[in-house]
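Subject: Structure handover

Hello,

The structure we talked about is below, with the notes that go with it. Please read them alongside the coordinates.

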Amino acid sequence: MMCYTPPYNPSWFLQNGVMMTVYSALWGKRYWESTTPLQEPSYHEEIFIGGQSVPIFGLVAIPENAHSTIIGTYGITGELKTEWFLRVLGRKAYAQGYAVVLFDWRAHGKTAQLSPTLTSDGLYEGEDFVRIAAAAKAMGCPGKFWFTGFSLGGQLALWALKVAGEVIREYEDLGLEDSDIGGGMVICPSLDSKRSLSYLVTKPFGRYLEAGIAQNLKKLAWRIHDAHPGSLDPEAIERANSIWGFDNELVIKRLGFSSVEAYYQASSALQILPQISKPTLILYAADDPLFDPAIIPELQEACDRNSVIDLFLTQYGGHVGYLSSKECQRQVNDSDPWWAWNRVLQWLEQQRNS
């Protein structure tokens, strides 16, 4: 459904999707800690067992008198120790009484050291979220459990919402009830990889960004190769010089797909929005330079038809940027520029109190 969206406005020079995307990434990496007086939670390390018995590395922090739990991960590349945007959420959520579980998803960070299992863009990561929730419940994290992610991590969280009920019914020994799952919140989620990748490489900035992501995926593959000798073909890694190439050379055969197109079609999050039955917030910027703008009308229609989904569609914001101006912060009563996380937590409070 469409609902009231609190106003969002960036400074004038960030009213451009590319500029916002680049500036927020570079500025945030350097200055994020100075934007908040909140302390880093006392995380302890945990190894969860995801779907197909894949070990998943995570960090867990439970405040005194915690009332519910947020489980989150990041985008296409990265690892927990450097994912500052996710750590902004961790500090904010912990201070507001949420237990926080953050994890390195398949083939990323310390999870890649534990297992050579490659990514599946949500097809199996959805179950990972649910199994992490079950383990977190067993260690004292309180329900309800709320799934979150941004960019490709947003796609993973949407898949978790889609499969949660199925996993809980199929694996009764998990100790998780359907009522334990609260819902989810995603920022600039990937919704259609095929269309957005095709769109991305038509623009100079897009080609530059795609090449950078591809190089990071290649590094990720080499780290898995080195940690798990014999698990990946070095010649295939050498040939994987694009995002498409990475999936073609290393991912699709293991997942049983005959083509990258078939894989992207199967894992697309846009198609599963009608099947989500838990309260879900989607934050999406019309000027996101990574995604094909032709997706937006379809996203609006899907959210209009599913009453549990709240879509906050904004004119500006870039890709996982959403730095707000001082005027905007005053307008919505925020104490910092992290407009997207502030809306996520505000929306969550409304859900908890409704």
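Contact here means that heavy atoms lie within 4.5 Å. Buried means under 20% relative accessible area. The model is predicted, and every value below is computed from it.

Helix α2

Helix α2 covers residues 84-95. With 12 residues at 1.5 Å a residue, α2 should span 16 Å, and its end C-alpha atoms are 17 Å apart, so the two values agree. The helix is mostly covered, with 9 of its 12 residues buried. Those buried are Trp84, Phe85, Leu86, Val88, Leu89, Gly90, Arg91, Lys92 and Ala93; two of the names on that list, Arg91 and Lys92, count as charged.

The cover over the buried residues of α2 comes from both helices and strands. It includes the helices α1 (17-31) and α13 (339-353), and the strands β3 (68-73), β4 (98-103), β5 (145-150) and β6 (181-187). Just after α2, Gly97 has a positive phi of about 95°.

Thr148

Thr148 has a relative accessible area of 0%, and because the cut-off for buried is under 20%, Thr148 counts as buried.

Pockets

The largest pocket has a volume of about 1500 Å³ and is lined by 47 residues. Nearest its centre lie Ile76, Thr77, Leu209, Ile213 and Asn216. The elements that give two or more residues to this lining are α1, α2, α6 (193-200), α7 (204-227) and α9 (243-255). Of these, α7 gives the most, with 10 residues. By class, the lining has 24 nonpolar, 15 polar and 8 charged residues.

The second largest pocket has a volume of about 250 Å³. Its lining is made of 14 residues, and Glu79, Lys81, Gly109, Lys110 and Gln113 lie nearest its centre. Two or more residues each come from β2 (55-61), α3 (109-114) and α7. The largest share, 4 residues, is from α3. The lining divides into 6 nonpolar, 2 polar and 6 charged residues.

Regards

Terms used. Residues are numbered from 1 along each chain as its sequence is written. This is a predicted model: local features need pLDDT of at least 70, side-chain atom pairs count only at pLDDT 80 or more; totals for chains, interfaces and linings use all residues. Side-chain values use heavy atoms; hydrogens and water are left out. The expected span of a helix is 1.5 Å times one less than its number of residues. Buried means under 20% relative accessible area, exposed over 50%, partly exposed in between (1.4 Å probe, protein chains only). On a 1 Å grid over the protein atoms alone, a cavity is a set of points where a 1.4 Å probe fits but cannot get out, and a pocket is an open set with protein on both sides within 12 Å along at least five of seven lines; lining residues have an atom within 4 Å of a point. Grid points are joined across faces, edges and corners, and a volume is the space filled by probe spheres set on the points.
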